[in-house]
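Good morning, everyone. Please look at the slide while I talk.

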Amino acid sequence: MNTQDTVLELRNLRTEFRVGGAWHAAVRDVSLAVGKNETLAVVGESGSGKSVTALSVLRLLPEAGARHGGGEILLEGRDLAPIPEKQMAALRGDAIAMIFQEPMTSLNPTMTVGDQIAEAIRQHRHLSWREARALALEALEEVKIPAAASRFGDYPHQFSGGMRQRVMIAMALACKPKVLLADEPTTALDVTIQAQILSLLSELKEAHGMAVVFITHNLGVVAQIADRVAVMYAGEVVETADVKTLFERPTHPYTEALLRAMPRVDLDTAVLEPIPGSVPAITAMPRGCAYASRCPLRETRCEEQAPALEAVSQDHQVRCVVRVESNKRHI
Amino acid sequence: MTDILQVRNLVKRFESGGGFLGGKKTIVRAVNDVSFSVARGQSLGLVGESGCGKSTVARTLLRLVEPDEGSIVFDGQDLRQASASQMRALRQRIQIVFQDPYASLNPRRTVRQTLSEPLVVHGLGSAREIEAKVQSTIQEVGLPLSALDRYPHEFSGGQRQRIGIARALVLDPELIVADEPVSALDVSVQAQILQLLDRLKRERGLSFVFVSHDLGVIRHFCDTVCVMYLGRIIEQGPTQQVLDAPLHPYSRILRDSSPVPDPGARIALSRIVGEIPAPTNLPSGCTFHPRCSRAQDDCHRQIPLLTCETSKDRSVACFYPLAAEGVERTPEAIMQ
């Protein structure tokens, strides 16, 4: 990817949680980059660190139990890790916005949706309420809420789940962010509504030239919306590639296993292959590869040394010594 | 093959408002004229979006929700006519597995207590026999014996769902009603639980009513499927046929909006319009007509009934069904 276009880049990000008096890394050595007008999907199961990665970027984790353990968070080349909280607060919702899974709990039930969006705009722009409300209405129209002007004064409980998620998106986009972090935005929605929200997000990405980081656990959704994909497991990126390569040539054994465990609506799957075992706890991360205990390709060296993320082809990186080596032999 | 369960014209209405708190009295028709049957050893899927009534149907099958009209015949006996003691006996043979393994287990009881309670309630055997049954069941669902002395919070989501399944199995039921049993789980764990259910179905000859919103899971697990929309079954048939060649426009939309892990098969997302109307105020005629691109005048006026199309095991509730691919209905065929 052209480095000039890179909007958000994470370099060796590490986030630690305090568990039982000691600090343990929930996100380790995560390096990701997302460019203008690009959707990067971060996919993984519960506890893989995908949400923590997004929350670390915005510094939204509770200070008491979590800390930045190293690495850089570069927004257009400027490192956000060392900046003071006041500057960070100015960036949140302005240059970087986030939408969450559950739109009901992320909206204020005592404020009309129009005023909530206007308030978010006034937080970052010196505008009167009247001007901010006009912008808020535009934002609601942009996310295609039917009869936006008449629904401007409604409260969140008067909206359906899909419409609430549209309101969340309108609020996130009101200040024209450069980066949108979307944390499972369609998980709580029905499939037909999910399809509508996915198409809305990809239209808005095109229209604003935004960089979108789309966090999901659903590989089907990844295939629908992503340009590039990062697969996370136990706090690490284990494979990253463009969307076509990832689904055509999944190379990390975990990615392969995920695809084989997923029942498909379009094909008969005679046998689903579950992944044996479970994700290691962050307090008991093995010395070697975190996936080794569940991996069919395990060798002794896997348990001794943690593998690095290595390129197998252009723009396709895998964290698996066995696969990287066999790939080299084929070339 | 005999039917273990026959449901005929089931209706369930919920009322809200009109009480001492005031508010306008409204009636929600959660289940409207639903009929289906489950053959022994088969699994039937109920699929649809939130609010379509699939979970309410599942609950009426055990009379956890009392239906208002219709009949539920289990192995020749009408559940709605059964007395309390008959119902207790029948509940040994019909068991339910719930969606949320975190909420459906009592946090203050050990797994052993949870699993032995149904056996004690139904007076099935001495203490020693009960213990033996509990031990064999927990191993059957793939958990170690040491799990018996632990509490639900000590287990992961997938393990808790195994406990929930074990609780349903200790009574050796013939029919299991599974209400979204894998929806709260990660894909890898979901596959483990589906594999377990597959094995139980095969080894014990269990029949299932399987509720899910995920068509991929339904395709994998269910022999036949009923697609529901706003309280009605709008299409019914063998799972593979319904998903590969849906007859009802809504089944087609549901299938097309289910994302597939293949970037080459991106769906034309823009075609899917509108949201599900509120169940308190159903549209006239076919309840799907406001979202349907094929709707004609009579769709606004009349409710289409679930009728047989193309073959005897498939039926659809639509005046203008999509032509099944492969069995395209030619004008001659219609005239005959």
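Which residue in S4(B) is the bridge partner of Val7(B)? In S4(B), that partner is Ile72(B). Hold on to that pair.

Some ground rules. This is a predicted model: local features need pLDDT of at least 70, side-chain atom pairs count only at pLDDT 80 or more, and totals for chains, interfaces and linings use all residues. Residues are numbered from 1 along each chain as its sequence is written, while chains are lettered from A and ligands numbered from 1 in the order in which they are written.

Now the sheet in chain B. Strands and helices here are DSSP runs, numbered from the N terminus: helices are H or I with at least four residues, strands are E with at least two. Strand S1 (residues 3–16) and strand S4 (residues 69–74) of chain B pair in the antiparallel sense over five bridges. Two strands pair if DSSP finds at least two bridges between them. The open sheet has four strands, in the order S2-S1-S4-S5 (chain B), with antiparallel pairing. Strand S2 (26–39) and strand S5 (77–78) of chain B are at the edges with a single partner strand each, so one side of each has no neighbour in the sheet.

Over to chain A. There, an open sheet of four strands runs S2-S1-S4-S5 (chain A), again paired antiparallel. Its edges are strand S2 (22–35) and strand S5 (78–79) of chain A; each has a single partner strand, so one side of each lacks a neighbour in the sheet. Strand S1 (residues 6–19) of chain A pairs with S2(A) in the antiparallel sense over 10 bridges. Glu9(A) stands opposite Ala33(A) in S2(A). Helix H1 (residues 50–57) of chain A packs on this sheet and touches S1, S2 and strand S4 (66–75) of chain A. The direction of H1 makes about 80° with that of S2(A).

Next, domains. Chain A is assigned domain 1 (3–95 + 177–275) and domain 2 (109–175); such bounds come from an automatic or database domain assignment. Their centres, taken over C-alpha atoms, are 26 Å apart. 13 residues of domain 1 of chain A are in contact with 12 residues of domain 2 of chain A. Contact means that C-beta atoms, placed from the backbone, lie within 7 Å. On the domain 1 side, H8(A) gives the most, with six residues.

How many residues does each chain bring to the contact between chains A and B? Chain A brings 39 and chain B brings 34. Helices H8 (191–208), H9 (219–225), H10 (243–248) and H11 (253–261) of chain A each supply at least two residues of the chain A side. H8(A) gives the most here, with eight residues.

Let's zoom in on H8(A). Its axis and that of helix H9 (residues 249–257) of chain B come within 8 Å and cross at roughly 55°. Axes are lines fitted to C-alpha atoms, for helices over the stretch in contact, and angles run from 0 to 180 degrees between N-to-C directions. H8(A) and H9(B) are therefore oblique to each other. (Angles under 35 degrees count as roughly parallel, over 145 as roughly antiparallel, 65 to 115 as roughly perpendicular and the rest as oblique.) The contact uses Val191(A), Thr192(A), Gln194(A) and Ala195(A) of H8(A), with Ile253(B), Leu254(B) and Ser257(B) of H9(B).

Conventions:
Contact = placed C-beta atoms within 7 Å.
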